[in-house]
Amino acid sequence: MALIQAMAGGQEDALRELHDRYARLLYALGHRMLHQNDDVESCVQDAFMNAWKHAGRFDASRASVKTWLVSIAHHRFLQELRDRPQTSLEIEEWDAPTAAADPTDRLLAEQAVQGLETDQRKLIELAYYRGYTHSELAVLLGLPVGTVKSRLRSALGRMKALLGPSGTL
């Protein structure tokens, strides 16, 4: 929280520190979603610049700094995916595990996803790793949008329960 306040006050050292703490995590997520180093680097840089520009809007009651920054980056990665020409990939081509910078976070996330039922796991992977919107998922899966939303919410709740209150399995 102090880093964000310092960034809002224009202190560039705070941005450097935030980058040092979270860049590896964002790069790992970006590689999982985008698979192209140039795109990942550009999007991560954009995410940090957006955090810098909007640090004054950060609300600690809504999210942790880490969650806020991951959310900014995730939205940027999704936009990059949407801006790309349509290409189809088989699940095996994009679902291969990638090396994350923080092995603990990667392992916890993978274990939580693996703890889901097959349908929930597929939905999480399509939404968060492939960047499909709720509407796109509804068409892809032949389900109403409301059903897609409730199933995603249920899957995320299950992952949170699997991780437990301390964020570990």
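Me: What does the accessible surface come to?
Reply: About 10200 Å² for the protein, and 50% of that belongs to carbon and sulfur atoms. Areas are Shrake-Rupley with a 1.4 Å probe, and for residues only the protein chains shown count as cover. This is a predicted model, where local features need pLDDT of at least 70, side-chain atom pairs count only at pLDDT 80 or more, and totals for chains, interfaces and linings use all residues. Residues are numbered from 1 along each chain as its sequence is written, and side-chain values use heavy atoms, with hydrogens and water left out.

Me: How many helices and strands?
Reply: Nine helices and zero strands, taken as DSSP runs numbered from the N terminus (helices H or I, at least four residues; strands E, at least two).

Me: Where is the kink in helix 2 centred?
Reply: On Tyr22, at about 50 degrees. The bend is the angle between axes fitted to the seven residues ending at a residue and the seven starting there.

Me: Switching topic: which residues have the most contacts inside the largest nonpolar core?
Reply: Ile4, Met7, Leu18, Phe48 and Phe77, in a core of 43 residues. Such a core is a set of buried (under 20% relative accessible area, 1.4 Å probe, protein chains only) Ala, Val, Leu, Ile, Met, Phe, Trp, Tyr and Cys residues joined through side-chain atoms within 4.5 Å. Helix 2 gives the most to this core, with nine residues.

Me: What does Phe48 touch?
Reply: Leu15, Leu18, His19, Tyr22, Ala23, Leu26 and Leu69, not counting residues up to four places away in sequence; contact means heavy atoms within 4.5 Å.

Definitions and conventions. Buried means under 20% relative accessible area, exposed over 50%, partly exposed in between (1.4 Å probe, protein chains only).
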